[in-house]
Amino acid sequence: MAKYIIKRLFYAVFVLFGVATIVFFLTRLTGDPIAIMLPDGATDEQVAELTAALGLDKPLLEQYFIYLSDLLRLNFGESLRYRSPTLGLILERLPATLRLAGTAMLFALLLAVPCGILAALKRGTAADQGIMALVMAGQAMPVFWAGILMIMLFAVQMKWLPTGGYGDGGLRYIILPAIALGLHLMALVTRLLRSSLIEVMGADYIRTAKAKGLRAKLVVAKHALRNSMLPVVTVVGLQMGALLGGSVVTETVFAWPGVGQLLVQAITYRDFPLVQACITMLAAVFVFVNLAVDIIYVFVDPRISYS
Amino acid sequence: MKLKKMIALLLAAASLTAILSGCGGNNQNDGKVQDDNNTGNPQVSGPQEPGKSQKTNLVVAQVSDAITMDPQKQGTMTTMNILINIFDTLVTRDENGNLAPALATEWKAIDELTWQFKLREGVKFHNGEDFNAEAAKFSLDRLLDPETASPIAELKNVTGVEVVDEYTINVITEAPDPIIPNKMVLFGGVMVPPQYIGEHDADYVAKNPVGTGPFKFVSWQKDSEVVMEANEDYWRGAPAFKDLTFRVIPNLADIVAALKTGEIDFVQGLTSDLAASVENAPGVKIVSSDWIRTFFISLDTAVEPLHDKAVRQALNYAVDKQAIIDNIFAGNAKQVATILPRETFGYDAAIEPYPYDPEKAKELLADAGYPDGFEVSFDGVTAELTEVQAIIGYLEAVGITVNLNVTDSSTLVSNMAAKTASPLYYMGNTGWTLDGVSNFQSYARSDRRYARGGNDELDSMVDIEETTIDPAARQEAFTRAQEILKEEAYFIYLWQKNNILAMSSEVDFIPNKNGVLWMFTAAPAA
């Protein structure tokens with residue numbers, strides 16, 4: 001197990017190196033931060049001065065090697081716009097993003113598991129069709145669209161919840177963004193669980209369990225559900241990354257002060273080091289969540305081992 | 001095995017609890033503010049109290065946050081909108097847009113290279129420190145110090161500051177600079193406390209601002225909100241509102257939604273269509289205020305057929321500016337003859353905009369050898385697509401084939417700087433000093449960053465207005481420059497747009513002409 005983890009960590013370094021490299025060159029294709037930072041009236045000398053001060057006058061490859069050697073020392077560079085270390089800017093906002101993604105995940109699972117079971121067990125009935133219709137809608141609607149609709153309905157019309165923002169950090173501020181962000185995952189898990197459960201329910205060992213007179217509830221809970229959860233765990237793990245990605249849009253729609261909003265602004269202002277740092281950090285989180293999921297398999301499915 | 005599973009489950013449960021309970025209390029200050037909002041807003045249109053509103057708190061929304069609380073280490077509009085409420089500058093503008101005293105009471109050029117400022121006596125910073133000539137010198141020196149790496153570029157011409165007496169300073173410039181007082185209105189003239197900055201490290205100063213302004217800093221939750229309270233000892237008198245909050249809402253449509261629910265009280269810079277969507281909402285009013293941002297289409301005079309003056313003039317005749325103003329901006333804009341707005345020093349009302357005359361446009365094109373028009377590409381940004389498409393409609397009506405290239409504004413600005421923008425692009429420009437020098441700075445003199453045309457006479461007019469102190473001589477140069485700009489048609493000159501404000505009907509406020517949100521002048525609606 002330990003050997004496996006070390007091997008995976010070793011790979012992770014390569015993945016992150018690749019991400020860092022791609023981001024570095026991609027951002028530089030997108031434009032010139034100096035022209036955006038300086039006012040219309042700035043003189044050419046000021047442009048040259050600021051370009052030199054920010055190290056953007058050096059050849060691209062030199063900039064790249066400086067960036068890489070800094071990265072090796074875990075120095076993520078300084079934001080051009082904020083003029084402070086990118087790592088600090090990100091860490092300040094990471095808790096809000098993790099909280100949003102976590103709550104979205106919780107919402108998705110709390111709703112998806114009962115819905116998926118119900119739809120599978122009542123297959124073909126009105127309940128199943130109703131749930132599946134909702135699920136289809138949830139999966140088809142992009143986050144920003146669902147978000148704006150919810151703001152219009154629950155905040156502007158009904159006035160139940162605020163339109164957005166972090167406020168005092170209370171629950172009422174996170175409800176709408178978490179639902180908007182979790183909607184897609186909820187739909188995905190419901191469908192997956194439904195089909196997986198339907199398949200398992202047709203398996204021989206379930207027939208055996210039923211045949212030996214076990215109560216239906218017990219058959220589902222003890223035998224069917226546990227086995228049908230395996231694909232769900234896989235997907236939930238992989239979707240963690242999607243949640244982080246989705247938070248970029250959700251945070252902008254709901255004025256949620258997290259890394260997503262920081263990233264969107266960094267892109268708008270062509271704040272290269274900040275874009276690089278945000279993406280590399282999000283990639284790192286993604287890589288490590290995947291690793292964690294693989295480790296959790298061992299506990300969920302006794303057939304899997306890495307030794 | 002069972003045990004392992006239990007542990008895994010427990011861990012999962014524990015992490016979820018942590019997530020829900022908010023991952024640590026990094027926002028203790030915000031609870032209070034939110035309570036204020038909640039008690040403040042339901043009072044909207046309380047019928048039992050006709051007349052003056054009882055509102056004490058004011059919430060302003062902006063699409064992005066301050067980048068720092070150190071006024072000398074930023075150059076962004078959203079940051080200045082926040083910090084102008086905490087800090088004062090040496091000079092300000094009155095409601096008519098004229099220069100007016102602030103921390104400086106009077107100023108004059110004592111020779112070509114020296115501007116003298118008399119300072120206000122008896123002013124204190126929020127921490128009790130005195131404002132005096134030493135503080136003013138410290139502030140300007142700090143701004144110019146390369147160590148500060150200030151993005152504020154206006155005072156680059158200043159070489160030093162001399163203390164004359166306790167309340168007088170001389171500002172020395174390298175070359176004659178006629179608009180040093182205008183520049184002191186902006187953050188070039190922001191005054192910071194020397195002792196306070198000496199005692200704390202840069203990081204602390206960047207998070208805990210202390211100024212002389214009408215509001216005192218309370219808290220800052222990044223990308224969420226900045227909270228301030230009234231400075232009861234402000235030298236102009238206490239502001240009308242007790243609490244002032246700047247909230248970040250990245251999307252204008254969401255800002256409008258928050259305005260409808262009463263979560264925010266004020267926003268500026270709305271588009272005409274968004275303004276129309278809240279026009280009839282209860283408790284909301286729309287105010288259209290004159291503003292100084294002018295819009296134009298830059299023409300690349302190096303490419304065929306735009307090198308031909310007649311063709312450029314034809315383009316100016318082709319666009320029905322007034323129709324676009326009436327129909328797309330709902331009247332919230334005014335035609336301009338060149339790139340100068342009416343409010344700016346140097347503007348000459350005698351120079352009139354090109355009239356709409358498509359027949360004349362076709363004639364000029366035919367005479368220039370393009371009876372069937374020509375093909376050209378045009379950069380426009382997503383946010384301004386409606387007006388860009390209307391303009392293109394008019395160009396196509398006189399026979400020009402336009403290939404529209406839609407981009408975001410950052411990309412367009414980058415391309416402009418790299419000289420890779422299309423032969424035509426639609427752009428706005430704001431001269432914050434309210435002096436034509438700012439509008440001409442990058443666009444008029446032929447060797448400047450965004451200039452794509454120009455001639456020797458225009459260059460020499462720019463030189464005169466940039467380096468002459470005498471206002472009459474400068475006005476003469478500005479007038480001649482506008483005549484040349486119009487005749488040579490280096491741009492398609494369009495309009496200056498109004499600033500459209502939406503606010504709670506309980507609030508009265510008109511922003512300063514230079515566009516910053518100085519909320520001292522905001523008051524409960526009478």
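Helix 8 of chain B (residues 252-260) is largely enclosed by the rest of the structure, because seven of its nine residues are buried. Here a residue is called buried if 20 or more other C-beta atoms lie within 10 Å of its own, exposed if 12 or fewer, and partly exposed in between, with C-beta atoms placed from the backbone. Helices (H or I, at least four residues) and strands (E, at least two) are DSSP runs, numbered from the N terminus. The buried residues of helix 8 of chain B are B:Asp254, B:Ile255, B:Val256, B:Ala257, B:Ala258, B:Leu259 and B:Lys260. Just after this helix of chain B, B:Gly262 takes a positive phi of about 80°.

The model is predicted, and local features need pLDDT of at least 70, while side-chain atom pairs count only at pLDDT 80 or more and totals for chains, interfaces and linings use all residues. Residues are numbered from 1 along each chain as its sequence is written, and chains are lettered from A and ligands numbered from 1 in the order in which they are written.

We can turn next to the meeting of the two chains. The contact takes 53 residues from chain A and 53 residues from chain B, where two residues are in contact if their C-beta atoms, placed from the backbone, lie within 7 Å. On the side of chain A that touches chain B, the elements giving two or more residues are helix 2 (33-37), helix 3 (44-53), helix 5 (86-121), helix 7 (143-157), helix 10 (216-253), helix 11 (259-268) and helix 12 (272-300) of chain A. Helix 5 of chain A gives the most to this side, with eight residues. By class, the side of chain A that touches chain B has 27 nonpolar, 15 polar and 11 charged residues; Ala, Val, Leu, Ile, Met, Phe, Trp, Tyr, Cys and Pro count as nonpolar, Asp, Glu, Lys and Arg as charged, and the others, Gly among them, as polar.

Elsewhere in chain A, A:Ala133 is found in helix 6 (residues 126-140). A:Ala133 is exposed, with 10 other C-beta atoms within 10 Å. The C-alpha atoms of A:Ala133 and A:Leu291 are separated by 34 Å, and these residues are 158 residues apart along the chain.

Chain B is assigned domain 1 (85-207) and domain 2 (292-497), with bounds that come from an automatic or database domain assignment. The C-alpha centres of domain 1 and domain 2 of chain B lie 35 Å apart. Their contact takes 10 residues from domain 1 of chain B and 10 residues from domain 2 of chain B. On the side of domain 1 of chain B that touches domain 2 of chain B, the residues divide into six nonpolar, two polar and two charged.

Chain B also holds an open sheet of four strands, in the order 4-5-7-6, with antiparallel pairing; two strands pair if DSSP finds at least two bridges between them. Its edge strands are strand 4 (104-111) and strand 6 (158-165) of chain B, each pairing on one side only. The twist averages 20° from one strand to the next; axes are lines fitted to C-alpha atoms, for helices over the stretch in contact, and angles run from 0 to 180 degrees between N-to-C directions. Six bridges join strand 4 of chain B to strand 5 (residues 114-119) of chain B, which run antiparallel. B:Trp107 has B:Phe117 as its bridge partner in strand 5 of chain B. Helix 4 (residues 133-144) of chain B packs on the sheet, touching strand 5, strand 6 and strand 7 (168-173) of chain B, and its direction makes about 170° with that of strand 6 of chain B.

Another open sheet of chain B has six strands in the order 14-18-13-17-15-16, with mixed pairing. At its edges are strand 14 (333-335) and strand 16 of chain B, each of which pairs on one side only. Strand 15 and strand 17 of chain B run parallel and are joined by two bridges, and B:Phe378 stands opposite B:Leu424 in strand 17 of chain B. The buried residues of helix 14 (residues 409-417) of chain B are B:Leu412, B:Val413, B:Ser414 and B:Met416. They pack against helix 2 of chain A together with strand 15 (375-381), strand 16 (401-407) and strand 17 (424-429) of chain B.
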